[in-house]
Amino acid sequence: MRVLVCDDSLTPSSPPPVGLGRRAKKGTELAKRKTSDDPKLPPIPSTLPILPLRNTLAYPSMVLPLAVGIPRSMKLIEDALQGDRLIGLVGMGDGSIEEPGPDQVWQFGTVARIHRVVRAQEDTMQVIVQGMERFEIVEWLEPKPYLRANIKVRPDVVEEDLELDALVRSLRELAREVVALSPHLPDEVGRFLAQVEDPRHLVYVITANARVGKEEGQEILEADKVKDKIRILIRHLTREREILTLEQKIQSEAHEEMDKAQREYFLRQQLRAIRKELGDEEESGEFVEEYKQRILASGMPHEARKEVLRELKRLDGMPPQAAEYSLIKTYLDWMVEIPWKKKSEDRLDVENARQILDEDHYDLAEVKSRILEYLAVRKLITERDPAATETAGKKPPKKKPEPLEKKVKATPVEDVIGIFHELPDEGVSDSDIEAELSEFVEPEDEPDFYDPDHLSDEDVLGEPEVAVGPRRATAGTILCFVGPPGVGKTSLGQSIARALGREFTRMSLGGMRDEAEIRGHRRTYIGALPGRIIQGIKRAGTRNPVFMLDEVDKIGSDWRGDPASALLEVLDPAQNHAYRDHYLDVDFDLGDVMFIATANTLETIPEPLRDRMEIIQLEGYTDHDKLEIAKGYLVPRQVRSHGLREKEIDFSDEAILKIIHNYTRESGVRDLERQIGKICRKAAVGIASKKKRKYKITPKAVRTELKAERFPSERTDKYRVPGVATGLAVTTGGGDILYIEVTKTPGKGQLTLTGQLGEVMKESAQIAFNLVKSKTAALDIAPDAFEKVDVHVHVPAGAIPKDGPSAGVAMTAAIASLFTERRVRNNVGMTGEVTLRGRVLPVGGVKAKVLAAHRAGLDTVVLPKQNAHDLDELPELVKESMTFHTVDMIESALDVLLDAGSKSDSAGTQGANRRKKSTKPAEKPAQKPAKGGAKPGTSGRRTRRGGKSPAHPVGPTQRAGTTR
C-alpha cells in the first residue's frame, strides 16, 4: 500500500477532492452507519490528547484519513490505541510550524475515534479517524510528551422551525447548482445530497468536501447554532457558484473561438485548393516569397536570421485578419530594412579631410586635429593589417562553408515519461521502449527554408558575416563637444561626416525622459517601435554613420526610466558591438558607428556616462575670430538665404565689429548671424521695391537698421568707487563677467547677501568677510571698523541664480576695497577660490572666463597660481593683448587689484584722475612669462605684447550663472 509521507506532523494522505466526491459519499454512509448501529458511543472524557492538523480540519460524523510522521504525534497515537482510542483534533493557522504549542492552535476542535492504524514506510502511520462531537479547550496541561488539555463538549444547537427548513432547502439547492456546474462531479452526488435529512449532518458533509478554506471552515465549526453554520456555508457556495459560472462562460467562449478558427482554416484550405485548380497564384505565397528574397539579401547575422525566419513561418500560417498579422509584418519590415551589412567606405585621405574641415569651420584646431588623428590611425591599420580590411569596406576572401552536422530531433523527457502510465520496471526491455517511442518521434524531413541551421552563411548572405567585437580596429570613437550655444558643435558633426565620406544622422536628447526612446518598446505593446538609435541607423542607410547625440546634458529621468543609463550600453565600446534593442530582440553591432555627443556643460552629465566619452572643450570665440567667421561664413550664408547677390550688399569690417560689440555679447556666433540676417532682410525689402540697387553696411547703417544699441559704450571707471569688483564666471552660455558690489551701513556687524546666490556662493561671501576681518592690521583697517556697521554684498542680475566657489577673490577684493577705501582697478577681472587662511585655490573654466574678460574689454586677469597651465589653451591674440597675474595668496592678489591709497572721486572728475594714474602695481614690475604660460611665482605677470586694450568697453552683464 502506497502512503504519502510528509514532514508535517499531520497531513491528509491525499489532497482533498474538489466539490462533493465519491469518497465523501462513502465516508458519510460509514458515519451514518456507525451512529445508527452503535447508539451507545463511549463517553467523552474531560481530558484528551490534542493532535494538531496542518492543512485540514475534522468535523463531527466525518471520516478522515491522516498521515502521521512526527515522533510526538506517533507517540500520541500509540498511547490512544492503548486506551479509549479518543483524541482531540484541532486546526492551526500556520501550517509551517513543525511542533506547534498551545498558543499556535485554535481552541475549538473535534473529538475523534481512531478506527484503524497502518504502519507505513519511512516511519509514518496511516490513521483513519471518525469525528464524534465538537469541543472547546478549557485549560492546557503539561505539553510533554504531547499536547493534552481539559475540554468541554459543545454539541451543536439545532432549532427546528420554519427558518431552519428554509435555510436547509436553500443550502441543498445551492449545493445542487454547484455540483451541476462542476464538470468532474457525477449527477449522483446531487441526488445523494437530497437524501440527507439531518441539517447538522448536511452542513458537515458539504463543508468537508467543498472548497472551503481553513479559516472559513473553522468559523463554521465554532458556530454554536446550525442556522449560523448554514448561513456561512451559503455565503461561500454562492461565491463558488459565481466562479464556476464565469469559468464555464470563459470555456464556452474559448471553444467558440476555436471552432471559428478551425472553420476558417478549412475554408481557407478549400479556397487555396480552388485557386490552385484555377491556376491563380496565391497572393500570400508571393508575399512570403518576397520576404524570403529580402531576408537573403539583407545580410543579417545568424541570430537575427533565425528570429526572422521563425516569425515569417508564423506569418505564413496566419490569416491576414488575425490580430498579430500586422504586428509580425511590421517587425519583418524593420528587420529587412535595417542596414545589417551596408557600410560607407571611409575616405582615408588626411589632406582632403583637413581641407574640408578648414572650409566648413574657422579655427577649432584641437577638434580638427583629433579628427585627423582618427583618420590617420585608421588608414595605417587598414594598410598594414590585412585582418582589418573589412572595417574599411573591403571584402575579405570567401571561405568555403563547413558542412553542418546532421541534427536529429530529440523527444522531450516529458513526452517520454507521458507515454507510460507508470515508470518502466526491470521487466521492460530497451527494444520495447524503442518500439513504443517510434510513433512519437517525428521522421526526419528535408531541410526547409525556415530552419536556419540547415543553411550556411554562404547560402543566406552570399558572403561571411561582418566581424564584430574585439577584432574591429579603432572601434568605439566617441567624442563629446562641450561648449556654449552657437560655437558650432552640431555643424561640426556634419563636417566630420563629410570629411570621412559617411552618412550623417542626429538625435536630440533634450528633455528625453523615457528609457524606451533609446532601447525601444517590447513587441507586446501596442504601437511598439525600435529605439531612436536603431531608427537613426535605418534612416542613415548604413551601419557606420556619424551619429550625433545633441544636448546630452539635458536628459531627464522619471518613473519611465533613466535614458542616461540606457546610453551607457550604446556609448561603451566594450558593449555596443552586441547592442540589443527591445523591439528587435537580437544583437546589433554599433561598434562601427562614430558617436558624437554635444553638451553645454559637463556638470549635469552623469559621471558613468561622461567616463565613456572623450571630452573636447569649445569655449568660444574672440572678437577677431567672430569677425573672420562672419566674413567667411555668416555673411555669405545669410546673403544667399535671403535671395541677395554678393554685389548687392557689402558689410564693412567696422560694421561687423559694431554688431559684435554693441548688439551681441555671447561666446558663439548664433546671435551675430541673427543680427546679420536682420540687416539682410532690410536690404531685401529695399531691393525688392527698387528703392536702392546696392547697400553698403557701415557702422552708421548698422545703427539705423538695428535701432538702439543693446550694449552701449560705457566704461566702468565712470562709476568707480570703493567696494566694486569685477569677477569672472562660467554659465551655460559660456564665460561672462560678474560684478560684485559691497556697501556698509550703521549697524552691529551683520552680513547681508542678495542677488539669488547659491549655498556655495554664500559660503564664499562669508569666508571673504571673515578673511578681511582677520587681516585688519595688514590692510591698515581700524580694529573696530566692523563692529558698528552692517555689510551688504550684492551681485547684480538678481533674477538669475548664481552659485560656485570661484567668486571668492572678487568678494574679498570688494570688501577690502570698501574698508580700505582703495578702489579696485577697473580694467582687471579676477577669479579664484579663497580659504580662511588666505590661500587662493584653483578653479575651472579658465579659458571661457578669460575670453569673456577679453570680450568685455578687460586687459588684466588675476588667476590662481595652479591655473597657470590653462593659459596655454588661449588663442595667441588673447595672450598678446592681455596681462595675467597668477597668485597663491590673497595678499598678493590685493596688491594687484587695489589702487595704492586712492580715494573715491566724484563722477565728474573720474576720467581725469584715471588718466593721470598708472594702472600697474607699484610694488612689482611686469614679468614676461615663459612661452606657454605665466611665470610661476607669487605674483607672476604676463604683459601685453603690442597694442592697446580692445576698443569696445565694458558693459553690464547679461548672464550670470555657475562660477566654477
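**Figure 1. The whole chain, before we zoom in.** Of the protein's 964 residues, 47% count as buried. Keep in mind that this is a predicted model. Take the contacts between residues at least 6 apart in sequence: 77% of them join residues at least 24 apart.

Figure 2. Zooming in on one pair, strand E8 (residues 478-482) joins E14 in the parallel sense over four bridges. Look for Val 482, which stands opposite Gln 617 in E14.

**Figure 3. Helix H11 and its buried side.** Four residues of helix H11 (residues 350-360) are buried, namely Val 350, Ala 353, Ile 356 and Leu 357. They span an arc of only 125° around the axis, so they end up on the same side of H11. Among the elements covering these buried residues are helix H12 (365-384) and helix H16 (489-500).

**Figure 4. Helices H21 and H22 crossing.** Helix H21 (residues 623-641) packs against helix H22 (residues 653-662) at an angle of about 115°, and their axes are 10 Å apart. The crossing of H21 past H22 is right-handed. On the H21 side, the contact is made by Asp 623, Lys 626, Leu 627, Ala 630, Lys 631 and Val 635. H22 answers with Asp 653, Ile 656, Leu 657, Ile 660 and His 661.

**Figure 5. Asp 592, a buried loop residue.** Asp 592 belongs to the loop between strand E12 (587-588) and strand E13 (594-599). Its relative accessibility is 6%, so Asp 592 counts as buried. Its side chain makes a polar contact with the side chain of Lys 343, at 3.5 Å.

Figure 6. Thr 883 is found in strand E25 (residues 883-887). With 4% relative accessibility, it counts as buried. Thr 860 is 23 residues away in sequence, yet the two C-alpha atoms are 4.6 Å apart.

Figure 7. As a rule, most residues other than glycine have a negative phi, and most peptide bonds are trans. The peptide bond from Lys 144 to Pro 145 is cis, with omega near 0°. Pro 145 is part of the loop between strand E6 (124-140) and strand E7 (148-153). Lys 690 isn't a glycine, but has a positive phi of about 60°. You'll find Lys 690 in the loop between helix H23 (670-688) and strand E16 (695-697), where it is exposed, with a relative accessible area of 77%. Gln 756, also not a glycine, has a positive phi of about 55°. Gln 756 lies in the loop between strand E19 (751-754) and helix H25 (759-774), and at 41% relative accessibility it counts as partly exposed.

Note on methods: Residues numbered from 1 in each chain as written. Predicted model: local features only at pLDDT ≥ 70, side-chain atom pairs only at ≥ 80, totals over all residues. Heavy atoms only, no water. Pairing = 2+ DSSP bridges. Helix = DSSP H or I, 4+ residues; strand = E, 2+ residues; numbered from the N terminus. Buried < 20%, exposed > 50% of the residue type's maximum accessible area, 1.4 Å probe, protein only. Arc of directions from axis to C-beta. Contact = heavy atoms within 4.5 Å. Axes fitted to C-alpha atoms, helices over the stretch in contact; angles between N-to-C directions. Left-handed = near helix turned anticlockwise from the far one by under 90°. Polar contact = N/O pair within 3.5 Å; in protein donor to acceptor, adjacent residues only side chain to side chain.
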